[in-house]
Amino acid sequence: MARLFAYIVHQEGVADDSAAELVSAAARIDAGQPPVAVVTGWGAELDAVCDSLRDVYKEVWKVAHAALAYPNAELVRQALVRVLPHDCILLVPHAHFGVDLSPGLSIKLDSAYVPDVVDIEGVAGASLKLVRQEFGGQVSAHVRCDISAGAVLNIRPGAYPPAAGAPAGGQVIDKSAGIGELTSRRRYIETIAAETGDVDITRQAVLVSIGRGIGEKDNVAIAEELAEAMGAAVSCSRPVVDAKWLEKSRQVGSSGQTVKPKVYLACGISGSFQHLAGLKGNPYIVAINKNPNAPIFRVADVGIVDDILELLPELTARIREEKSK
Amino acid sequence: MEILVCAKRVPDTSENEISLDSAGTDIERDDLVYSVNEPDNYAVEEALQIVARTGGTVTVATVGGEDDEEILRREMAMGAQQAVLISDEAFAGSDGRGIAAILSAFVRRGKYDLILTGVQADDGAAQVGGMLAAMLDYPFASLVNAIEVLDGGKLKASREIQGGNKEISEIDLPCVLSIQTGINEPRYVGMRGIKQVAARPIPTPDAAELGVDPATVGEAAAKVKRVDYFVPAAGKGAEMLEGDREEIIGTLIELVRAKGGLN
C-alpha cells in the first residue's frame, strides 16, 4: 500500500475542520497506516498549526517557505511535487482551495485524481472503490480508481467525522530543505471581504429561502410576502444570485453566508452540498420542491412535493388569516 | 485576444429529474433533454465580452460526437466566431485526464492567449481545466468571478473563496481559467440565431490529426471509471406531508409554529 498523506488547509494559525476528518477518511483506505499531515506555510502561524496537529496525526510534515505564507495553489502545487513521494495517496479537502490545487497536482505527480469523494468503500489490489455524487446530488455513483501510480483524492468536507480517540502524540518533521525556489505566473494580490447587504441573514431566527424553483425575478415577491407574514427574512441559494434576482449577501452556502436559524424553509432549493454547508446549528428544515428526488429531502425534517409558486401564496394567506383572528 | 472556450453537452437538470433506469445501474436516459452545460454559457459570455473590448476571436471546442454539434451551434449563435468538434472513436470513455490530454493536443496546434472552461459540469468534477493547464504548463485559476485585462499580457482575476470573499491575483497569459456562474449575464439565444449559424462549417479533427496516441486516451487508458449509478439510502429523510394542499398547509403551520417559526 502506498503511503497516505493529508493536505492540511489552515488559516491564521488554525487548522481547518477537515484536518481531523481526513484522518477518518484515510482509515477507510488503510486502517493500519496512520496518514501523514503535510502542511505548507510560513512563520509562527505554520508552527502553530503543525503543533496543534500533533494531537491527531502521528507525523506532521512541515513545509516552510516565505512564498507559501499565502496559500497560492500554484506555489503549493510546486512545493508538494518536490516534497511528496509521487506514488503516494494524498487526501485534500474538496473546497475552493482543493479545486484550485488538485487537478493540476495529479498531472504533475502522474497520479489518478478523483474529485469530491463522499465515501470510500475499500481497496481491492490496485483498485480503490469510491462514491461520488452527480447531477447536483440527485444520484450517486460508484467509481473505481487505479491507485498503482498514486492518487490525489479530494474529499468532501463533512463526509467523514473528525477522528476521535487518544491524542496521537505526533512529531513534526521539517521538510522545507527540499523545496528550492518557488515561482508562479499567478501572483496573489489581496483578499476583498464580501459586501454586506441590507439584511443580515446570519442573525435571523427564521429564513424563507428560495432557489431556482422561484423561476423568475418577479416571483421573489411571493417569498417576501411569506417572510413578512412569518416574521422571517428571505435568503436564497446560488442560482438566484447568479440570475441577479437577489443580492449576494442573501446567499446561503460555502461561497455565501453561514446561517444558524431555528427554522429554515427551503423553497425550490435542490440542496447541493455547497448550499447545505452554509446551514449550521441544526435548524428545523422544511423542504418544498417539485422534484421528489431532490437531495434536500434527505436532510430536511419535513418535506412537501409541490410547486412553490402555488403553495407559498396559499401558505401566506392562511398565516395572515390565522394572525388576524 | 484569441480565446478558446471548452464546453460540454450534458443532460439539462432544469428540464429533467434524474432517476435510475429499471436495471438500477444507470440513469434513465430515455426522454432526457440535453443542453450545453450551464456554466459554459458564462464562460462563452465572458470570452465574448473580453473580445469586444480587446479584439480577437472566440473559438468553442468540445470533445464528442455528432450529437454534440448542437451545443457548438448554440455557442456560435451567442457570438463565438468558430467552433470545433474534436471527435474520434478512440476518445470514447475517456476520464477527465483523457479529455484534458485531447484538449491539450488541440491547444498546442493553435495559438490561444486565454482558455476558459465552465466551473464544473454534470458530474461535479471541476477537473479538466486544472489538468489542461498542468499539461500545457500554463498558470491556472479556478472559480473565477471577475476578469480584468491588463497591459503587458496579464489579467487581474478574482476567485470566489469562502464566505463570498474574493481572492484577487494577477495572472500571466497564456493561462487557463475556470469560470464561476454569476460572473455575467449570458445573452439570450433564440431559434433564429441558431438557424443563422446552421450552415457554418465545424471542423472535426481526430486523433491522427491532433497527434494523439489512441493508447493514451479513451476507456482503456482511464484510471478513473464509473462503475454504476445508485440512489443512496435515505438516511433519516424528511417526514413527507401528503394529502390535499389545504390539509398540508394546516399541518405545516402547526409544525412550524411549534418550532418557533411564526413570529
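Reader: Which share of the contacts in chain A with a separation of 6 or more comes from residues 24 or more positions apart?

Author: A contact here means two residues whose C-beta atoms, placed from the backbone, lie within 7 Å. In chain A, residues 24 or more positions apart account for 65% of the contacts with a separation of 6 or more, and in chain B the figure is 69%. Please keep in mind that this is a predicted model, in which local features need pLDDT of at least 70, side-chain atom pairs count only at pLDDT 80 or more, and totals for chains, interfaces and linings use all residues. Residues are numbered from 1 along each chain as its sequence is written, while chains are lettered from A and ligands numbered from 1 in the order in which they are written.

Reader: Thanks! How many helices and strands does chain A have?

Author: Helices (H or I, at least four residues) and strands (E, at least two) are DSSP runs, numbered from the N terminus. Chain A has 9 helices and 18 strands, and its C-alpha trace spans about 75 × 45 × 40 Å along the principal axes. Chain B has 8 helices and 12 strands, with a span of about 65 × 45 × 40 Å.

Reader: What percentage of the residues in chain A is buried?

Author: A residue is buried if 20 or more other C-beta atoms lie within 10 Å of its own, exposed if 12 or fewer, and partly exposed in between, with C-beta atoms placed from the backbone. Buried residues make up 54% of the 325 in chain A and 47% of the 263 in chain B.

Reader: Which residues touch the most other members of the largest nonpolar core?

Author: In soluble globular proteins, nonpolar side chains tend to be buried together. A nonpolar core is a set of buried Ala, Val, Leu, Ile, Met, Phe, Trp, Tyr and Cys residues joined through C-beta atoms within 7 Å. The largest one has 67 residues, and Val5(B), Ile102(B), Leu103(B) and Leu132(B) touch the most other members. Helix α3 (residues 96–109) of chain B gives the most to this core, 8 residues. Leaving out residues up to four places away in sequence, Leu103(B) touches Cys6(B), Val63(B), Val128(B) and Leu132(B).

Reader: Why is strand β10 of chain B largely enclosed by the rest of the structure?

Author: Strand β10 (residues 175–179) of chain B is largely enclosed because 5 of its 5 residues are buried. Cys175(B), Leu177(B) and Ile179(B) point one way, and Val176(B) and Ser178(B) the other way. Two strands pair if DSSP finds at least two bridges between them. Strand β6 (residues 114–118) of chain B pairs with β10(B) in the parallel sense over 5 bridges, with Leu114(B) opposite Cys175(B). Strand β7 (residues 140–150) of chain B also pairs with β10(B) in the parallel sense, over 3 bridges.

Reader: In what order do the 6 strands of the open sheet come?

Author: Strands of a sheet pair through backbone hydrogen bonds, either parallel or antiparallel. Here the order is β15(A)-β14(A)-β16(A)-β17(A)-β18(A)-β12(B), with parallel pairing. At the edges stand β15 (233–236) of chain A and β12 of chain B, each with a single partner strand, so one side of each is left without a neighbour in the sheet. Where the chains meet in this sheet, 2 bridges join strand β18 (residues 302–305) of chain A to strand β12 (residues 239–240) of chain B. Gly303(A) has Met240(B) as its bridge partner.

Reader: How many residues does the contact take from each chain?

Author: The contact takes 72 residues from chain A and 70 from chain B. Strand β10 (residues 139–146) of chain A supplies the largest share of the chain A side, 8 residues.
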